[in-house]
Amino acid sequence: MGDFEPRIVGIFCHYCALAAQDVAGKARVNFPPHIREVRVLCTGKVDVLHILKALEEGADGVLIMGCKIGECYFKEGNIKAFKRVDYARKLLEEVGLEGERVQMYEVPGPMGSRFADIITEMTEKIKSLGPSPLGR
Amino acid sequence: MIVGERKPLNQIRAMLEPYRKILILGCGECVSVCMAGGEKEVGVLASQLRMLYKKEKREIEIEEATLIRQCDREYIEPYLDKIYQADVILSMACGVGVQYVGEVAGERVIVLPAVDTKFYGANLDAGIWAERCAGCGNCILDKTAGICPIARCAKRLLNGPCGGSQGGKCEIDPEVECAWQLIYDRLKERGQLELLEDIVPTKNWKPSLSGGPRKVIREDVRP
């Protein structure tokens with residue numbers, strides 16, 4: 001398990017996570033390189049099917065990053081995304097997969113260090129769960 | 001609309017056990033609106049089943065299709081080729097669609113239900129559907145201020161309320177409104193309380209399911 005390099009699909013909000021990623025990059029903050037990134041204008045765009053498809057195609061985890069509650073550029077897209085994440089987890093558990101493979105975090109604006117911490121935390125979580133049983 | 005709810009995955013999986021080529025068939029009408037068996041739900045179920053079989057290293061072929069209405073022959077027929085290529089059809093329509101796809105496709109086609117058909121209901125708010133009609137075949141809404149005691153009173157009382165009506169709620173569940181309280185309140189608001197003085201005689205249940213399977217025929221539109 002030590003050499004397991006997880007493959008994580010990151011679905012990132014343009015207004016917070018990507019701004020935070022830029023800040024992290026400019027500040028040369030290190031974070032693990034396991035994320036395949038998809039930009040969305042708002043996490044409210046994230047659908048249960050996007051999450052399921054990512055895992056079905058062999059991702060080990062899905063990480064969604066949206067604005068803090070109350071700070072969504074589209075008012076409540078992030079609240080909707082949290083609910084969809086909960087639903088997606090239930091669907092995965094029905095299949096016998098760990099719901100924890102899907103995580104959603106709030107990123108408070110352009111905070112590069114928080115962005116890096118989240119990526120590290122998610123990578124560690126997926127490493128502890130091990131590779132997806134669906135293989136690649 | 002007809003309101004349904006998708007069956008749990010383990011129940012669906014058990015039904016599908018003997019088959020290797022599955023066509024998941026959604027319906028674009030009521031079950032799409034109540035988010036139980038439309039195109040999106042077909043996608044979700046297909047994805048879940050693919051993951052399940054992949055995990056178990058079983059090679060099962062899953063096809064997806066959603067037609068406009070499973071309760072109309074003209075919409076089923078264009079899908080017959082697809083239907084005949086599958087070992088089994090997993091219909092996400094209401095019970096009508098499940099049966100009618102089988103009827104149109106012929107005796108050898110196995111159609112299984114992926115949805116539990118619940119009731120005729122209204123969409124109260126995003127994600128909430130509630131029963132409003134029982135399809136009893138003899139509408140009495142003119143006598144009950146437009147609130148149906150057949151669908152909404154647990155005892156189907158025609159001369160309610162009963163003693164179980166407490167504070168406007170039904171004794172079966174404190175969340176359930178007493179239909180007869182609603183009827184009383186609305187008639188009072190309209191100044192029509194005298195309507196309650198008429199005793200409604202025993203209901204004839206023959207136009208309902210008790211009279212056997214029902215059929216409506218309109219000769220003027222027959223070919």
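## Surface and charge of chain B

The accessible surface of chain B is about 13100 Å², and 50% of that belongs to carbon and sulfur atoms. Accessible areas come from the Shrake-Rupley method with a 1.4 Å probe; for residues, only the protein chains shown count as cover. This is a predicted model: local features need pLDDT of at least 70, side-chain atom pairs count only at pLDDT 80 or more, and totals for chains, interfaces and linings use all residues. Residues are numbered from 1 along each chain as its sequence is written, chains are lettered from A and ligands numbered from 1 in the order in which they are written, and side-chain values use heavy atoms, leaving out hydrogens and water.

Chain B carries 31 positive and 32 negative side chains. Lys and Arg count as positive, Asp and Glu as negative; His and the chain ends are not counted. The centres of the two sets lie 3 Å apart. Each charge is placed at NZ of Lys, CZ of Arg, CG of Asp or CD of Glu.

## Overall form of chain B

Chain B has 8 helices and 9 strands. These are DSSP runs, numbered from the N terminus: helices are H or I with at least four residues, strands are E with at least two. The radius of gyration of chain B is 22 Å, well over the 17 Å that the globule rule gives for 223 residues, so chain B is more spread out than a compact globule. The radius is taken over C-alpha atoms, and the rule is 2.2 Å times the number of residues to the power 0.38. Along its principal axes, the C-alpha trace spans about 65 × 45 × 25 Å.

Of the 223 residues, 38% count as buried. Buried means under 20% relative accessible area, exposed over 50%, and partly exposed in between (1.4 Å probe, protein chains only). Take contacts between residues at least 6 apart in sequence: 58% of them join residues at least 24 apart. Contact means heavy atoms within 4.5 Å.

## Helix H6 of chain B

Helix H6 of chain B covers residues 95-105. Its buried residues are Gly97(B), Val98(B), Val101(B), Gly102(B), Val104(B) and Ala105(B). Their cover includes strands S2 (21-27), S4 (88-91) and S5 (111-113), along with helices H4 (73-76) and H5 (80-85), of chain B. After H6(B) comes Gly106(B), with a positive phi near 110°.

## Aromatic pairs

Over all chains, the structure holds 5 aromatic pairs. Rings of Phe, Tyr and Trp (its six-membered ring) pair if their centres lie within 6.5 Å; planes under 30 degrees apart count as stacked, over 60 as edge-to-face and the rest as tilted. Tyr15(A) and Tyr73(A) have ring centres 3.8 Å apart and planes at 10°, so this pair is stacked. The two tyrosines are 58 residues apart: Tyr15(A) sits in the loop between S1 (8-13) and H1 (17-26) of chain A, and Tyr73(A) in the loop between S3 (61-67) and H3 (77-95) of chain A. Tyr15(A) is partly exposed at 33%, whereas Tyr73(A) is exposed at 55%.

Tyr15(A) also pairs with Phe74(A), edge-to-face, at 6.1 Å centre to centre and 70° between the planes. Phe74(A) is partly exposed, at 42%. Elsewhere, ring pairs link Phe12(A), Phe31(A) and Phe115(A) into a cluster.

## Arg114 of chain A

Arg114(A) lies in helix H4 (residues 112-129) of chain A. Its relative accessibility is 27%, so Arg114(A) counts as partly exposed. Leaving aside neighbours within four places in sequence, Arg114(A) contacts Tyr105(A), Pro108(A) and Glu121(A).
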